[in-house]
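Please prepare a short briefing on the predicted model below, with attention to aromatic pairs, nonpolar cores and the surface.

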Amino acid sequence: MPLFFINHWLWRSTNVMDTVTFLSSMVLVMKPLLLCLVCVERYIAVVQPINYLKIKACGYKWPCLVVCWCIYIILASAAIVQRSIFTLCLVFLPALLIDTFCTLSVLRELKKPPPGDRKMNSMKKKAFVTFVIIQAVLYLNYLPLIITMAMEGKVSAVVMKCQYRAPGLAAAVSCSYLQPLFYLHRLGRLPCSKNNR
């Protein structure tokens with residue numbers, strides 16, 4: 001981001017802008033793709049555990065990562081050619097839909113009580129709360145960008161840039177810090193945590 005602003009105010013170089021667009025797009029594209037992979041993996045592990053053991057033995061992670069990187073390179077290259085970072089947002093809606101389906105399926109499985117027991121045990125309850133929080137962070141992160149994308153072309157370029165695109169990107173960037181903070185809080189590593197070690 002600092003390189004973007006320095007270039008915007010001082011240099012106005014297209015080469016620097018292309019490099020900044022390519023590198024900043026890594027956060028916008030790879031994060032939802034990798035989160036989507038994690039959600040699908042958790043879905044298969046919880047909903048279809050037998051199939052998960054079979055798939056896990058095949059070594060599926062590297063081919064999936066190669067596909068993610070190929071999608072990233074194609075979308076980042078298209079963003080440079082079109083001079084618009086919102087080409088990269090094409091990955092948000094499908095990733096969010098897949099994440100939502102997988103999370104809801106896992107939550108439905110976690111909510112089912114084990115045979116002979118009437119209530120959810122503490123481990124299932126903890127996993128349930130974690131999945132709900134992760135899904136809320138995903139929605140807070142990507143929904144503003146999806147809404148902004150849908151408004152492209154319906155309002156003037158200046159209004160789009162100043163009133164819609166900037167807050168959408170700000171919401172996406174600020175929500176990126178919620179999951180690591182939640183993880184550190186759960187470990188008790190934050191000063192405000194109850195079980196601080």
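Tyr-72 is buried, with a relative accessible area of 1%, where buried means under 20%, exposed over 50% and partly exposed in between, for a 1.4 Å probe and protein chains only. This is a predicted model, in which local features need pLDDT of at least 70 and side-chain atom pairs count only at pLDDT 80 or more, while totals for chains, interfaces and linings use all residues. Residues are numbered from 1 along each chain as its sequence is written, and side-chain values use heavy atoms, with hydrogens and water left out.

**Aromatic pairs**

- Rings of Phe, Tyr and Trp (its six-membered ring) pair if their centres lie within 6.5 Å, with planes under 30 degrees apart counted as stacked, over 60 as edge-to-face and the rest as tilted; by this rule there are two aromatic pairs.
- The rings of Tyr-43 and Phe-101 have centres 5.5 Å apart and planes at 50°, so this pair is tilted, and it links distant parts of the chain, with Tyr-43 in helix α2 and Phe-101 in helix α5, 58 residues apart.
- Tyr-43 is buried at a relative accessible area of 17%, whereas Phe-101 is partly exposed at 49%.
- The rings of Trp-69 and Tyr-72 have centres 5.6 Å apart and planes at 85°, so this pair is edge-to-face.
- Trp-69 and Tyr-72 are three residues apart in helix α4, separated by about one helical turn, and Trp-69 is partly exposed, with a relative accessible area of 38%.

**Nonpolar cores**

- A nonpolar core is a set of buried Ala, Val, Leu, Ile, Met, Phe, Trp, Tyr and Cys residues joined through side-chain atoms within 4.5 Å; in the largest, which has 18 residues, Val-29, Val-91, Phe-92, Leu-138 and Tyr-142 touch the most other members.
- Two or more residues of this core come from each of α2 (14-47), α4 (61-82), α5 (92-111) and α6 (122-151).
- A second, separate core has 10 residues, among them Cys-39, Tyr-43, Cys-102 and Val-106.
- Neighbours within four places in sequence aside, Val-91 is in contact (heavy atoms within 4.5 Å) with Leu-28, Val-29, Pro-32, Leu-33 and Leu-75.

**Overall fold and surface**

- The protein has eight helices and zero strands, these being DSSP runs numbered from the N terminus (helices H or I, at least four residues; strands E, at least two).
- Buried residues make up 29% of the 197 residues.
- The accessible surface, from the Shrake-Rupley method with a 1.4 Å probe, comes to about 12800 Å², of which 71% belongs to carbon and sulfur atoms.
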